[in-house]
Amino acid sequence: MDSTIYILCGGKSSRMMTDKALSICKGQTFLSRIIKALDFLQNKIVLVSSNPKHINLNIPCIPDIVCNKGPISGIVSALKKTKTDTNIILSCDIPLIKKDLINWLIRQHKTDYDGTVITCNGKHMPLIAIYNKSSLPVFEKHLINEQLKLMNVLKELHINFVEVPKNLAYQTANINTPELLKEISL
């Protein structure tokens, strides 16, 4: 699939109390682990962040179109800049993700949907997803109107929600506190 991969790194990381993208898991930063999982695709990888630490990582980086407006701003930034119709959107706090989950997600995407979003144990994970560029106006409308709940945006789109297989579910773990990081580091 011809797509661009965007990793959202622009959050405040307030629960983690340190930059999540640069947090260390098993000897590597979260960001390094995610990029390693994506290597096989050979697609363009772009960070979405206004953090100066991320701009200097030798990875293409675009700023959030509006700072401090959460993942909707990051997704709008990505979809405004992209040159591809399909775009893989990942958060920077999923350091356990691997090639097999990404491959599985790509295989689930259908072009007659606005996007494909992973569901794990009934919980939607809109930051492990594929969004078509055509969904930009809906995301943008919510950003402009400061309606920043991602699930509300998805209600207005035709989304293919796909339940992740049990053997891949652990890869969706959202590590956003020091306690969760300690658990996976054992």
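Does Gln 42 count as buried or exposed, and at what relative accessibility? Gln 42 counts as exposed, at 74% relative accessibility, where exposed means over 50% relative accessible area, buried under 20% and partly exposed in between, with a 1.4 Å probe and protein chains only. This residue is placed in the loop between helix 1 (30-38) and strand 4 (45-48); helices are DSSP runs of H or I with at least four residues, strands are runs of E with at least two, and both are numbered from the N terminus. The phi of Gln 42 is near 60°, a positive value in a residue other than glycine.

The model is predicted, so local features need pLDDT of at least 70 and side-chain atom pairs count only at pLDDT 80 or more, while totals for chains, interfaces and linings use all residues. Residues are numbered from 1 along each chain as its sequence is written, and side-chain values use heavy atoms, with hydrogens and water left out.

Attention now turns to two helices. The axes of helix 3 (residues 70-81) and helix 5 (residues 136-144) come within 9 Å and cross at roughly 140°; axes are lines fitted to C-alpha atoms, for helices over the stretch in contact, and angles run from 0 to 180 degrees between N-to-C directions. Helix 3 is therefore oblique to helix 5, the term for angles that are not under 35 degrees (roughly parallel), over 145 (roughly antiparallel) or 65 to 115 (roughly perpendicular).

Ile 72, Ser 73, Ile 75, Val 76, Leu 79 and Lys 80 of helix 3 meet Leu 136, Phe 139, Glu 140, His 142 and Leu 143 of helix 5, contact being heavy atoms within 4.5 Å. The residues of this contact divide into seven nonpolar, two polar and two charged; Ala, Val, Leu, Ile, Met, Phe, Trp, Tyr, Cys and Pro count as nonpolar, Asp, Glu, Lys and Arg as charged, and the others, Gly among them, as polar.

Within helix 5, the residues Leu 136, Val 138, Phe 139, His 142 and Leu 143 are buried. The buried residues of this helix pack against helix 3, strand 8 (123-132) and helix 6 (150-155).

What follows helix 5? Helix 5 is followed by Glu 146, which is found in the loop between helix 5 and helix 6. Glu 146 has a positive phi of about 55° although it is not a glycine. With a relative accessible area of 49%, Glu 146 is partly exposed.
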